[in-house]
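Please look first at the sequence and the structure, and then I shall take you through a few of its features.

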Amino acid sequence: GGDSRCTRSQNPLINLVRYWIIMESVVRLQSVFTPQSTEDVIRVDGLCGPIIEQFFDWMGSSRGYEPEQASRYAYAVDYYVRDYLVDALIENPLNYIPGRITAFAGSWYLQKTMEPNREQIETHLAGIRLWYEYLLNESCISAESLVKAKQECDDIEYYATRLESFMALAGEGFTLWLTSLRPVWERENR
C-alpha cells in the first residue's frame, strides 16, 4: 500500500513535466510575488499548493519519510507558509527572513491556536526545518539561510518556555510576554 505521491513516477517524462510545473511555480513566486492587494495574496496562496505537494513528494523520495509522517510535516508547512507567511505577513514564502520562525513558533502560533502544545510545536518546527532544507535543495535559499533556519527550528526548549509562560499569562502580562520574544542569536549575544 502507501500513498503513491511519496514516490517519483517510473516514467521520466512525467517526472520532468512535474518538475517543470513546480519550478515554473517557484520562479513565478520568486519573481512575481510583490503583494500589494488581496488578489496578490490569494494568487500566491494558490501557487503554494503545488509547491507543498512537491515538498511532500521530496520528503518521501529524498528523505525516506512514510506518507503519514510526510503528511504531518506538509500540513505543518502549509499552515506556516499559507496562513502565516502569505496571509498574515504578506511575504514571499520561498525566502528565509531571520526571526520569522521564532516569531511563528514563539508567538503567532501560540496566539492563533486554540490549545497549543509542545508536541504540535515540535511537529511544526520539524516540518519547517525540512521545508528550508527543501528550499535549499531547490536553490531558493542560501546555505547560510538554512543554517539560521535550523538554529531557529532546533531551539525547542525556548519554545517550550514560551508556551509555558503563555499558558500562565494573567492580567497585564501579555504585553511583557509579547515584547520578550527574541531569536536564538539575539539571546546568545547577551
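Let me begin with a definition: a residue counts as buried when its relative accessible area is under 20%, as exposed when that area is over 50%, and as partly exposed in between. Please also bear in mind that this is a predicted model.

With those limits in mind, consider arginine 129. Its relative accessibility is 26%, so arginine 129 counts as partly exposed. Glutamate 133, in contrast, has a relative accessibility of 12% and therefore counts as buried. Salt bridges with shared partners connect Arg63, Arg129, Glu133, Lys150 and Asp154 in one network. Within that group, arginine 129 and glutamate 133 form a salt bridge whose closest N and O atoms are 3.2 Å apart.

How many salt bridges does a search of the whole structure find? The search finds nine.

Arginine 82 lies in helix α3, residues 67-88, and aspartate 45 in helix α2, residues 38-63, so the pair links parts of the chain that are 37 residues apart. Aspartate 45 counts as partly exposed, because its relative accessibility is 28%.

Another salt bridge joins glutamate 157 and arginine 118, with 2.5 Å between the closest N and O atoms. Here the partners are 39 residues apart: glutamate 157 is in helix α7, residues 156-167, and arginine 118 is in helix α5, residues 118-137. Arginine 118, at 33% relative accessibility, is also classed as partly exposed.

I now move to helix α6, which spans residues 143-153. Which of its residues are buried? They are Ser145, Leu146, Ala149, Glu152 and Cys153. These residues lie on the same side of α6, because they cover an arc of only 120° around the axis. On the face turned away from that buried side are the exposed residues Glu144 and Val147.

Finally, serine 107 is located in helix α4, residues 100-112. Is serine 107 buried or exposed? It counts as buried, because its relative accessibility is 6%. Its side chain makes a polar contact of 2.7 Å with the side chain of glutamine 111. Beyond its neighbours within four places in sequence, serine 107 is in contact with Thr102, Arg162, Trp177, Leu178 and Leu181.

Key
Residues numbered from 1 in each chain as written. Predicted model: local features only at pLDDT ≥ 70, side-chain atom pairs only at ≥ 80, totals over all residues. Heavy atoms only, no water. Buried < 20%, exposed > 50% of the residue type's maximum accessible area, 1.4 Å probe, protein only. Helix = DSSP H or I, 4+ residues; strand = E, 2+ residues; numbered from the N terminus. Arc of directions from axis to C-beta. Salt bridge = Lys/Arg side-chain N within 4 Å of Asp/Glu carboxyl O. Polar contact = N/O pair within 3.5 Å; in protein donor to acceptor, adjacent residues only side chain to side chain. Contact = heavy atoms within 4.5 Å.
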